[in-house]
Each structure stands twice: as structure tokens, then as C-alpha cells.
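Have the viewer open as you read.

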Amino acid sequence: MGAKQRALSQGRIWSWVAMGGPLGLLLVLFLVYPVGQLLLLSIHNDSGFTLAQYRQLFASSVYVDVLLITLKISLVTTLVCVVTGYPIAYLISVVGKERKATLLFWVLLSFWTSFLVRAFAWIVLLGRNGVINKLLLSLGIISSPANLLYNFGSVLVGMVNALLPLAVLTMLSVMENIDRNLPRAAATLGARPGMAFWKIYFPLSLPGVAAAGIMVFVTAIGFFIVPALLGGRRDTMITQLIIDQIQQTMNWGFAGAISVLLLFVVLIVFAAYDRLLGLSTMTGSAAARKPEPSRLSEPLAKVGDVLLTVLGTISDAIISLLPSRRRDRNPDQPGLGLQAFVWTMLLIISLPTVLMIPLSFGKGGLNWPPQGFTLHWYETVLASPVWTQAMLRSLMVGVGTGLLAMLIGTPAAFLLVRSDIPGKGAWLAFILSPIVVPRMIIAVGLFYVFANIGLVGSAFGLILGHTVVAVPYVVMTMMAVLRNYDTRLDHAASSLGARPFATLRHVTFPILGAGMMSSFLFAFATSFDELTIALFATGGLNATLPKQFWDEVTLQVSPVIAAVSTCLFIFMGLLIFTAERLRRRAAAR
Amino acid sequence: MVSSSLRILGLSKRYGDFVALAPTSLDVAKGEFLTLLGPSGSGKTTLLSLIAGLAHPDEGQILVDDADVTHSPAYARDIGVVFQNYALFPHMTVEDNIAFPLKMRKVSEAEARRRTMEALETVRLPHVAKRFPRELSGGQQQRIALARCIVYRPAIILMDEPLGALDKKLRDQMQLEIKRIHRELRTTIIYVTHDQEEAMTMSDRICLMNAGAIEQLGTPEDLYFRPRSVFVADFLGESNLLSATVRDVDAHGLDIALAAQAAPSRAVGNGAQFAAGEPIKVMVRPQNLQVATAGAGGLTGRLVDVMISGSLTRLYIAPEVAGLPQLVAAYPTRSGSAPHEIGQLVSLAWNPADAVAIRDDGGR
């Protein structure tokens, strides 16, 4: 190998370092190190190695019970989200452009509305004087207000509301890549609608179902907002135990031990998923287009095939029993039953937050129906320096996170898509790991590290922490954009005499602009809505908006919060609307 | 093999304000190979979808062997479709793909396996049975799509631009293959393409469509030699179209006057009725336009360009007379054939039997 070639390859390695280095450094310093520290604390005390924390963890059944409850809530949530989310994603993937945009808007609005706002809305809705109780009373179904809150049911409703949009969007990304000619081909080959669905469409959508399942499950297992706000004492989840250990007793070692347990469960879930379906189905649209041959063994595949045939036969039997379906409707038109179901679900996940709006202008507190009209609650918010400062701080941290995540995430995406760097799969897994590791563990680890270097309570620390959890989304978005980008345009530019930098400035970036803008907004919104890290890293001072919201709502349920919720809801609505407009304008070009 | 006739009566389809198919009637005989030809947006794919049952007509009827199937769902029609992008099921092996229609018809497993292998033999790919579609080349996928369609012996097979994604050589080969299978199975085939050469090569009859309606229906010879409209003349093969006026009509042809040239000339009709004084277009195919050195009489023009494209040499000539478009003449390429000098004057002539009169419809 000539010296020139060696120099060239050395130059290439330097460019890899320049592009991927910042992101690698960030993740090592603010993900690997803090989480490692926390895990280390669980087996280490002043006198050296110890398993005392783990002995305590398994000494009584208290903690194991909490783990079981956590698993139960997460599992049921996942099941409900996937089953009800599937028809929604299906409808969105088959309807025309206009209606798709409408449906997607409501899913996205719900997706981007803060977990806190949605959980709070359910508190109000399900309360003793809430809409549901008032409705049931007026219909004469019950004679005195029922206790709808603080039980397993209310937690489940809140969790499903929180995670259904995620399930829909995950499944949608796979369904959109299913060739619509396939079910039609099945029809011409003699498959009735039910059979065509179960034998052709459903197996092809399975990677999406699996990805949605694991995303929802892993998110649910690390959740604390909904169970804390909507659950009773029997619905405590494992993450709340960690919060208690830190906030009440500062017991780092025990918090570390619980974290290990949580992480362990998550890793088992991922390992099982990988065994069954392969993790590659999760990471890229490329995988979805080219499904791997099932790794299920032959007899298992046979059983699956028989099962699908049975399902298809049953569906077709049911369809043929349905009274006088209009036969001459367009075969591609989705059924009315499906449409009704989807709109009902979208109503259920959007309505609570929408009902918050009239209540925030009411004089009579949060009781339904709202009485009178007043701007008092909004005046209270704006007159309170605590709220206004929290808002400003959230905006600042959000913009900072958006910029930082975009600045270090975009080059990394370039590196993963364009370069021939070895071990791409491993790099991608590393970059996406902040999504996999439960947020609570990252938050507690960061708190520990920040406390040692004096970053607690600073905006900079918060930006760093938020960037860690936002950057995977930026990388994924930019990778998708880059994969669709026609590199021949760059070649054309350079053949026309543009130097590399000029090519970037005049050709690449203008075309990628919309993608970069949307990944910025994604990172901004992630930070703007982030509570877990803020819960600790703000150190009780300098609260962000979600932190302030959390402090208030755990203290008392007041109409002031309804006013803040309304503001947040409208702000997010406008943001999505703008992002969508930007995206469409870019697409139309 | 079973084969059915197809009758279409007043079939139409709109999407909003857009007329995808104006009321259209068409008869296809048992075992016929009919091609729907036309530019994109001409309604040929719409017509195909309606026949397959993948879209529903606004009006009209579809009869298969005189039985009304207009309101039957696609799965009950017994019409096979070969899709443009093949639509092979990516999660099934080749074998399972081909056996799928048999399974839907509850054919026994042993019988299904036998017929699957038979279909694979027919398309000459018996060794790929266990592979997945993505492991095959485009041409192989095309054959599998064909095998999946013929395996259940549908009475009518519809093909939607099945060779569109293949390169020229493979396309020529597959054309022969499809013709062979058609001969062997004697199935009725309705074939959609926008490639006029493909249509000419393969079809018993061509149905040329334009703007959602049938422009002309007939044998390839009919369409090529007796185009009914300027559009047909233009779409099928190359043509020179000259404006002219009818002077007289007799039993053998027409006396005409070419525009901007007093000299009278003769042309044959395309089957339509002409009246004296009517403005017409006269079509002369390039291979029928004879080019000689200037002075031989007839039309004179200046040679603009010479192009050799393989077996044919094309001469582009700008007539000296105002009001006539640039003309093209073609003759077989021979080595050492006299070089034509660009810019030189030439005279043009043609046999009156090769000049076809077409009603001047403005060339919609």
C-alpha cells in the first residue's frame, strides 16, 4: 500500500472523528459515565464491594411486588395500545392525502401534548365533579359520584392516552412501506378481504407491530408521571421508588440497585425481541422494506400460517354475515365501522385536553360544566414570576437543546449514511441507547455527576442532559432524510465546479433544510416537555415549565394549571402546524 | 385450458371532475391477445382495473362469457392479473406465492404442489421454488408473477405493463415467452402497454386509447396502414403528415391537392368517407418516402440531417415549399451506401398507394 493511500485513509479517520466525535463524547460523558456511576454505587459503599443493597431489595416482597405491578401495567398498556393503535395506523396509511393530513394532525397533536397536561386533564375529567361523573349522574346511571380516580383503571386510561400516539406512529412507518398492490393482487388471486388481510397485509405489518410493542413497553416501564398522578397506592411503579430513594433519603446505593433491576428487565425484553424478530427491524425503514425471513422455526411458522388462515376464514364468515354492505362501493374505500372506531379513539385521546380549554376560563374551579367567564387564571399565571421564569427557562433550554442536538447529530447522521465507517450497526445502537435506557436511570445518574461538578441548577447542565435524550431522534430523522437524498445532485454540483463546501452550502443544505428544521423542532419539543431529568437536575431551583407544572399539580389541582395546560396545548398545536407547513413546502419544491 | 370471451358495454369511470374513462364498449374474443395501447393517462389502466374488479365503474357492464360480473368482487371473478411491479408477496417463498391462489381455491396440498411445479416449468424456473422474491432478478420476478397467474388457469389474464421495468434485451425475450405461453395455454389475454412496438409485435388486435376513450380498435396492420386519425398515425410508428385538400373521390382512391403545391396527387383512403373540398392530412411512412438527387421532379427539399440508427438510416429533409413540416425518410442501412451531403437539394416522391388520407381532426 502506497504512502499516499495510507495518508488518505488517515485523513478519512480524522474526518470520522470530526463528524462523530462530539456525539460520542457527549454520550460517554453524560450517558455512559453517569449510568455506570449509578450502577457502581449499588455495589459499592465506603467499605468497598457490597451486595447489601440487593439483599435489601429482595428481603421483603415489597419491591418485587412493585416490579410485578410495573410489569402488569406496562404489559396491559402495550396490549391495548397496539390493538387499538393498529386500526388507526391502518386507516391513516390507506386514506387519501387530505384526510391523512387531518388524521395525522390529531395523532401528532396528542403525541406532542405534554404527558403532564394529558395526565392532568384526566384527573379533572375523572374527578368527583368531573365531566364523566356529571354525565353519568345526569343520565341516571349512577346516583352518587363514583370514584374513578386513583385505581388501576385510571392509570391504564392515562397510560394508553400517553402512549397510543407513539404506537400509531411506529406502526404507521412500517405500514406506509407496504405495497398497496399486494392486497389487491391477493384479491385477484381469489382471496376474500378477510383472507387477504390476515395472510398478506398482517404478516407484512408485523415488524411495525413488534416495534410499536417494544417501544411502548419500554417507555411504559420507565414511566412515573401517569401512575403518580392517576394511580393509588397500589399502583406504584418502579421508577417512583427511585424518585423516593433520591428525594427523600438520598440513598444512592439503593436507588442504584433498583435502577439495575429496571435496566435488567429492559435488557431482557430487548434480548427476547432480538431473538424472535431481530433488532434490525427497529432501526431502519430499509429493514421494513426488506423483511428478514422469519427466524421462527419451521413448525412454528406452520402453526402461524394455519392460525392466519383460520382468522381469515372467520373474518370472511363475519363479513359475509354483515347486512347489505354496499357492494358497489370502491374496493379501496375503508369501511364505515373502521372509520367510526378510529375517530372515536382519536376523540378519546384528544378530548380531555380540549375540555381543559373551557374550564380554564371558568369561574367555578375545575367542576363541570364551566361557569361564567374569567381571565383570572391566566392573569395569575402571567403575574407569577415563578411561572414566567419557568416558561422563559424552558424556551431557552429547548432552543439550546435543539441547536446542540442538531449540530452534533447531523454530522453523525452523515457519517452513518454516507461513510464506510466499520461497525455501523454498533454505532447506531450506541447512539440510540438513550431511548432504550429508562429515562429515570439517566436522570438519577446525571444528578449524581452534576452534583459532583456543580452543574445542578444550571441551564447548561440541563441542555446537556436534554441533548443526550433528544439526539437519537435527530440522528434518526436526519438519517431518513439523507437516505432519500439523491447524492447524484452533489456529484452534479461538483461536476459543475462547486467545491465541497460550496456544494454543501448551495445544494445539500438547502435541500436538507426541511429535515434539519423538523429535527430541530423534535429536539426542542423533547426538551420543552422533559420532566424526568429536570426533576433532579434543576435541584429545586430554577424550575423549567414541566417541573413547575409537576410541583404545582402534586401540591394541588387548581384552575391555574388548566390555564397553563391550555397555553401549552395551543403552543404545541401551532408548532406542529408550522412544522407541517414547512415540511409540505419543502416537499412541494 | 379454459378461455372466456369478454364484453364491455358503456363502461365509464370518473375521479371527481376527471374523466378517467368515457363510456366505452369493447368485445374480446375467446383466446384473443388484445393490447390496450396509449400514452399515460389515456385510460388503459383504468379500464384494466375495472375489468379486474379493483375499481368500480360509474356506469356500464362487464360480461365474461355473457355472465354479468360488473358487481362481483375481484376475488370472485376468475380473472388473473399480472401487476406492473409484479406484486409478489415478499414474506412468502416463490413456491408459496404460486400456491397462494390454489390455497384460496382449497385445492388439495399434493395437487397444489404438482401444479406449482408445473407452472414453474412453464416459465422455465423450476430451481427457484424455495427462494424469496427479493433474491430473484427482475426478469425472474416477472416470470414468477406470470407463473402465479397461470397456475390457477383463470379464464382471462390481464397484464399491466408487465415488462415496463425490464431492459430492452430482456423485454424482447419476455415478449416471445409471453407469446409462447399464450399459444400453449390459449387463454384470453388483455395486455396494457405504452410501447407501440411491443403492441405491434404481440397483439392479435390493438385497442389504441387516448384521453379516456378508444381512438381505434383493429389489427396491428389496420392501425399501421389505415390509421383513422392523426393521433393514431402519429402514435404508431413514425409518420410524415402533409396537409392537403380532397379534389375528387373515386372507387380506387382520392384525387388530392397538397397544400402550397399546385401539382395534383393521388392518395388512398383509410376506410372513412371523404367529400370533395374537405381538408385532410396525408400520411406517408418514412420507409415509403423515396429520396433522389434534385431534378427528379415532385417535391424538392434540403437535406438537414442524416442519422444511422443500426439497421435504419434516417434522412431529415426540410421541404422548399412553405407550409410543409420537416419530413423524414428511412431506408435500410448498407455499408458504402452513397453519402448524402447535408445541405444538398433532393427531390421526394412516393407511391400513391402508400399515401393514406386521414380526416384532418386537428390532431387531438
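## A proline in a helix

A:P546 counts as buried because 26 other C-beta atoms sit within 10 Å. The cut-offs here: buried takes 20 or more other C-beta atoms within 10 Å of a residue's own, exposed takes 12 or fewer, partly exposed is in between, and the C-beta atoms are placed from the backbone. This proline belongs to helix α25 of chain A. Helices (H or I, at least four residues) and strands (E, at least two) are DSSP runs, numbered from the N terminus.

Before going on, some housekeeping: this is a predicted model, where local features need pLDDT of at least 70, side-chain atom pairs count only at pLDDT 80 or more, and totals for chains, interfaces and linings use all residues. Residues are numbered from 1 along each chain as its sequence is written, while chains are lettered from A and ligands numbered from 1 in the order in which they are written.

Back to the proline: what is A:P546 in contact with, leaving aside its neighbours within four places in sequence? The partners are A:S114, A:L116, A:D529, A:E530, A:L531 and A:A534, where contact means C-beta atoms, placed from the backbone, within 7 Å. A:P546 and A:A390 are 156 residues apart in sequence, yet their C-alpha atoms are 8.4 Å apart in space.

## A partly exposed isoleucine

Now try A:I243, in helix α11 (residues 238–249) of chain A. It counts as partly exposed because it has 18 C-beta neighbours inside 10 Å. Compare its sequence and space separations: A:G208 is 35 residues away along the chain, and the two C-alpha atoms are separated by 33 Å.

Helix α20 of chain A has 15 residues (439–453), and at 1.5 Å a residue it should span 21 Å; the end C-alpha atoms are 21 Å apart, so the two agree. The expected span is 1.5 Å times one less than the number of residues. Twelve of the 15 residues in α20(A) are buried, among them A:R439, A:F447 and A:F450. Just past the helix, A:G454 has a positive phi of about 75 degrees.

Chain A is assigned domain 1 (18–48 + 375–555) and domain 2 (60–180 + 208–298 + 337–374), with bounds from an automatic or database domain assignment. Their C-alpha centres lie 23 Å apart, and the contact takes 27 residues from domain 1 and 28 residues from domain 2. On the domain 1 side, the elements giving two or more residues are α1 (3–42), α17 (376–383), α19 (424–436), α20 and α25 (545–555) of chain A. Of these, α20(A) gives the most, with six residues. That side divides into 22 nonpolar, three polar and two charged residues. Ala, Val, Leu, Ile, Met, Phe, Trp, Tyr, Cys and Pro count as nonpolar, Asp, Glu, Lys and Arg as charged, and the others, Gly among them, as polar.

## Strands of chain B

Chain B has an open sheet of five strands, ordered β15-β19-β16-β17-β18, with antiparallel pairing; strands pair if DSSP finds at least two bridges between them. β15 (290–293) and β18 (327–332) are at the edges with a single partner strand each, so one side of each has no neighbour in the sheet. Within the sheet, eight bridges join β16 (residues 299–309) to β17 (residues 312–319), and B:L303 stands opposite B:I317 in β17(B).

Elsewhere in chain B, five bridges join the antiparallel strands β1 (residues 6–15) and β4 (residues 59–64), with B:R7 opposite B:L63. β4(B) also forms a hairpin with β5(B), with two residues between them, and B:D65 in the turn has a positive phi of about 50 degrees.

## Domains of chain B, and the two chains together

Chain B is divided into domain 1 (6–230) and domain 2 (231–359), whose C-alpha centres lie 38 Å apart. Here 13 residues of domain 1 are in contact with 15 residues of domain 2.

How many residues of chain A are in contact with chain B? There are 23, against 24 residues of chain B. The largest share of the chain A side, six residues, comes from α8(A). That side divides into twelve nonpolar, four polar and seven charged residues.

Technical notes
Contact = placed C-beta atoms within 7 Å.
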